[in-house]
Amino acid sequence: MKSGTKDRRRVVVTGMGAVTPIGINAETMWASMRAGACGVKPIENFPLEDLYIKIAGEIRDFDPAKHVSSRKIQYGDRYSWFAGRAAEEAWTQSGLANPYPEPYRAASIIGSGAGGFSTIENAYKDLFVHHKKATNPLTLLRIIGSSASAHVGIEYGIKGPTFATCSACSTATHAIGIGLDYIRNGVVDVAVTGASEAVLTYGSMRVWQAMRVLSPDGCFPFSKRRNGTVLGEGAGILVLEDLEHAKARGANILAEIVGYGVSSDSKDMVNPDVEGPRSAMQMALDDAGITAGEVAYLNAHGTATTLNDANETNAIKMVFGEHASKLAISSTKSMTGHLLGAGGAVEAIACIKAMADGFAPPTINLTDPDPKCDLDYVPNVGREMPIKYAMSNSFAFGGLNAVLLFGAPPA
Amino acid sequence: MDDTATKIVEILKKHMKEPRDDIGLETALADLKIESIDLAMIVFELEDTFGIEIPYNANDTDEAAAFKSVGSVVERVKQVIASTSAASAKA
């Protein structure tokens with residue numbers, strides 16, 4: 001069944017905003033992806049102390065006073081700054097009025113895997129190391145994982161559903177999926193969705209180091225060289241809108257979200273299963289009512305861990321069959337690092353840009369492919385090609401899978 | 001088995017669902033049903049017990065090879081202890 005033939009509304013994207021290590025707006029990020037730029041670099045934003053993992057995808061020189069116009073958000077945690085900045089870009093692009101004139105018909109669903117991590121760290125340092133008498137009075141508001149969604153809701157006069165999703169590396173994709181469902185089912189007409197993450201701190205790096213899953217020297221998805229993921233930070237925001245609502249106001253439509261699939265492995269906290277990712281991808285195709293052969297580009301979860309990349313490759317083969325080898329697949333994490341909860345939104349933007357430009361972004365650092373990963377990962381250099389449908393995969397610790405499927409703007 | 005090896009076997013046993021008493025240096029960790037998350041816990045406890053830092057990476061095949069059998073874990077720990085004390089002797 002084709003999208004739109006079901007008894008539900010069609011949902012389009014009318015605004016996008018990104019804050020990433022390779023550009024702090026969607027245009028710059030996309031230009032960097034087209035060029036195969038790498039945002040993974042030696043950590044500079046904080047002292048390394050005794051860390052042995054010394055690289056990350058950092059956002060350098062982010063100044064809330066300069067990059068975020070809301071005074072209230074300037075008082076928030078770094079993760080709220082990123083969300084605020086990306087939401088501002090997306091809302092401005094959508095052309096929607098501020099404040100939104102039908103406040104109960106809009107939602108703000110902006111997740112975060114970890115919320116205000118740096119705020120927690122600094123507050124605890126004040127208490128336990130510096131023995132200060134009190135923490136900063138804004139500490140609690142900065143920490144809570146729903147503060148970015150609340151901030152953005154306040155900024156645009158949104159009085160409908162406002163909350164955060166939290167599902168580790170699938171956070172943004174779940175947020176976008178819920179926004180999609182709300183609009184399809186008539187709960188709201190407009191939803192600001194996505195996620196933000198800012199966990200690059202000494203303490204957080206120590207926590208990740210202890211998990212033993214980080215690479216000391218780079219992000220090499222699908223390569224024989226791959227030896228773990230690389231943390232990144234940033235945010236991605238999409239403004240979703242009911243198609244008829246967007247058309248009625250003459251909005252510039254960037255893409256349609258045609259399918260969404262969601263599942264859980266229900267097996268293990270760290271080892272991914274092939275069945276969960278397979279089922280989520282299949283559900284997204286079924287939801288859209290298209291065949292696997294119609295998908296031209298797939299933005300992989302592609303974390304560059306030994307387990308994920310091989311498992312994801314196997315799941316793609318199960319879903320796409322013979323078409324798997326014809327699919328252009330890339331892990332843009334090779335360029336941004338792993339933005340954790342925010343990754344799915346940034347990668348959704350990459351999919352939409354890829355369709356609009358007819359250009360599949362590359363997987364960089366892929367000179368020595370792993371025989372276990374034997375599909376076309378668009379190695380090192382992006383590729384001009386027509387893209388009718390693009391899929392974006394997000395698979396999280398705990399086995400939490402979410403997949404989005406995008407199509408061109410409806411004629 | 002020497003002291004170090006005995007301590008290491010105790011740590012391994014703590015992280016097994018069904019601890020066994022027939023663990024020797026040649027025993028493969030896979031046979032002890034130790035999974036990747038158990039391994040992260042074991043490395044943490046080894047570091048804590050011996051006051052060392054093992055740059056173990058679950059994605060690194062060379063490093064993972066050092067965690068194939070009980071004997072290879074003992075070797076790796078002794079190696080790190082030796083290089084740690086050499087480094088502190090220099091300092």
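The centres of domain 1 and domain 2 of chain A, taken over C-alpha atoms, lie 21 Å apart in this predicted model. The assignment places domain 1 at 11-248 and domain 2 at 260-407 of chain A, the bounds coming from an automatic or database domain assignment. Being a predicted model, it is read with cut-offs: local features need pLDDT of at least 70 and side-chain atom pairs count only at pLDDT 80 or more, while totals for chains, interfaces and linings use all residues. Residues are numbered from 1 along each chain as its sequence is written, with chains lettered from A and ligands numbered from 1 in the order in which they are written.

Where the two domains of chain A meet, 59 residues of domain 1 are in contact with 54 residues of domain 2 (contact: C-beta atoms, placed from the backbone, within 7 Å). On the domain 1 side, the elements of chain A that give two or more residues are β1 (11-19), α1 (26-35), β3 (55-57), α8 (171-184), β6 (190-197) and β7 (234-242); helices (H or I, at least four residues) and strands (E, at least two) are DSSP runs, numbered from the N terminus. Helix α8(A) supplies the largest share of that side, 7 residues. By class, the domain 1 side holds 29 nonpolar, 24 polar and 6 charged residues, where Ala, Val, Leu, Ile, Met, Phe, Trp, Tyr, Cys and Pro count as nonpolar, Asp, Glu, Lys and Arg as charged, and the others, Gly among them, as polar.

Helix α8(A) also packs on helix α14 (residues 343-357) of chain A, their axes coming within 5 Å and crossing at roughly 65 degrees. Axes here are lines fitted to C-alpha atoms, for helices over the stretch in contact, and angles run from 0 to 180 degrees between N-to-C directions. The angle makes α8(A) roughly perpendicular to α14(A) (under 35 degrees is roughly parallel, over 145 roughly antiparallel, 65 to 115 roughly perpendicular and the rest oblique). In this pair, A:T171, A:A172, A:T173 and A:I176 of α8(A) meet A:G343, A:G344, A:A345 and A:A348 of α14(A). The contact comprises 4 nonpolar and 4 polar residues, with no charged ones.

From α11(A), A:P277, A:R278, A:M281 and A:Q282 take part, and from α12(A), A:N311, A:E312, A:A315, A:M318 and A:V319.
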